[in-house]
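Let's read a protein model together, one feature at a time. Keep the picture in view as we talk.

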Amino acid sequence: MQTQPDRRRLLGMLALGLASLLATYDSGRVTTASGTALPPSPTSTAPSSLSPSSTALPPVPPPRPGPSQVLSHGPTTNHRIVLTVDDGTSADVVAGYVAFATRTGIHLTFSPNGVNNREWAPHAPELRPLIADGQVQIINHTFTHRDLRTLTPAQIRDELQRNDDWVIHTFGITTRPYYRPPYGRHSPAIDNTAAAIGYTRTVMWNGSFSDSTVITPAFLLTEAQKYLQPGVINLGHANHPAVLSVFDQLIDLIHGRGLQPVTLDEMFSTSRATGTG
C-alpha cells in the first residue's frame, strides 16, 4: 500500500514529465534546428519510421556548398529520361501520381512545395519506402512557390531551407543538391545564393506535359509524344486532372520507345546520402 508521501512523489514525477512534453511540442508544431515551425507530422496515418522490411533512409548530411550548375537535359547516348512532377496543389493528382509510382514501379522525381503539405503529407507512409529504395526522389521547389527574382538573398535562402526542413520532417530525406526555381525563373546571382547553402544543381527542363494550366488528356498525350525522348528532363505538375486518365498510355509510350525513367540522382550520379555528386 502506498503512503501519502509516495503518492505525492509519484504525482510530482508525472507533472515534470508532462511539463517536458509541453516544452517540446507547441500545439502539434515541431521546431527544427533552423528554427522553422513545421506542420504536425502525419502520425495519425503515417508511422514515425519505416517498417523493418523497408530499406532505411540515410542520415541527413550537412550542406555542401559549391559552384552552381544548371541542368536542362541528360545525356542522349542512352535511353534514360527523368520525369519531374512539380507543386502539388491538387490532392487527387498527388494521390494519382503516388498510386502510379506504387503500382508500376516507375521512377519519379517530385518537386513539391511545403505550402501544399495537406496534399502531400498523407502519402508519407507510401513514399518513404520508395524514396529509401531510390525509386522516388524529392527535390526543392521552394516553400511558397514565389518568383525568386523578387526576393532578397536572405529570403531565397529561407524559401529553400524552409522547404528542405519540411521535406526532411515529412519524408525523412534532404532535397540537396537539387532545386527547381518556380516558373523556371532564375539568374546566376540566384543560383549562386542557392549553391552557397548546398543547392549546387539548378534543375530546368527540355520537355513538358504543358499542364501548368488546365488542358485535356489528349493534349497532354500529344505533348508527351513530342517530348519523351532519350535524355529529356520532362516537366509535369500535380495540379490539374488531365494526367489521371492517361497514366497507362504514358507507360505504353515509354515502353514502346524503349525509354527508362530514372531519378535525377540516377541520371547524374548523385546521392541522397551525401547531398552532393
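Q: Where is proline 177 found?
A: Proline 177 sits in the loop between α5 and β7. Helices (H or I, at least four residues) and strands (E, at least two) are DSSP runs, numbered from the N terminus. This is a predicted model, in which local features need pLDDT of at least 70 and side-chain atom pairs count only at pLDDT 80 or more, while totals for chains, interfaces and linings use all residues. Residues are numbered from 1 along each chain as its sequence is written, and side-chain values use heavy atoms, leaving out hydrogens and water.

Q: What kind of peptide bond joins arginine 176 and proline 177?
A: Here is the general idea: most residues other than glycine have a negative phi, and most peptide bonds are trans. Arginine 176 and proline 177 are joined by a cis peptide bond, with omega about 10°.

Q: Which phi value does threonine 142 have, and is the residue buried or exposed?
A: Threonine 142 has a phi near 75°, a positive value in a residue other than glycine. You can find threonine 142 in the loop between β6 (136–138) and α5. Buried means under 20% relative accessible area, exposed over 50%, and partly exposed in between (1.4 Å probe, protein chains only). Threonine 142 is buried, with a relative accessible area of 0%.

Q: What about tyrosine 183: what is its phi, and where does it lie?
A: Tyrosine 183 is not a glycine, yet its phi is positive, about 65°. Tyrosine 183 belongs to the loop between β7 and α6 (188–195). Its relative accessible area of 48% makes tyrosine 183 partly exposed.

Q: How do I read a sheet, and what is the strand order in the open sheet of three strands?
A: Strands of a sheet pair through backbone hydrogen bonds, either parallel or antiparallel. Two strands pair if DSSP finds at least two bridges between them. In this model, an open sheet of three strands has the order β3-β8-β7, with parallel pairing. Its edge strands are β3 (69–71) and β7 (178–179), each of which pairs on one side only. Strand β8 (residues 201–203) runs parallel to β3 and is joined to it by three bridges. For an example, look at leucine 71, whose bridge partner in β8 is valine 203.

Q: Which strands pair with β10, and how many bridges are there?
A: Strand β4 (residues 80–87) pairs with β10 in the parallel sense over five bridges. Aspartate 86 has histidine 237 of β10 as its bridge partner. Strand β9 (residues 207–208) also runs parallel to β10, joined by two bridges. There, serine 208 has leucine 235 of β10 as its bridge partner.

Q: How many residues of β10 are buried, and on which faces?
A: Strand β10 (residues 233–237) is mostly covered, with five of its five residues buried. Ile233, Leu235 and His237 are buried on one side, and Asn234 and Gly236 on the other.

Q: At what angle do helices α4 and α5 pack?
A: Axes are lines fitted to C-alpha atoms, for helices over the stretch in contact, and angles run from 0 to 180 degrees between N-to-C directions. Angles under 35 degrees count as roughly parallel, over 145 as roughly antiparallel, 65 to 115 as roughly perpendicular and the rest as oblique. Helix α4 (residues 124–132) and helix α5 (residues 153–171) pack at about 95°, with axes 9 Å apart, so α4 and α5 are roughly perpendicular to each other. Their contact (heavy atoms within 4.5 Å) involves Ala124, Leu127, Arg128 and Ile131 of α4 and Ile168, His169, Thr170 and Phe171 of α5.
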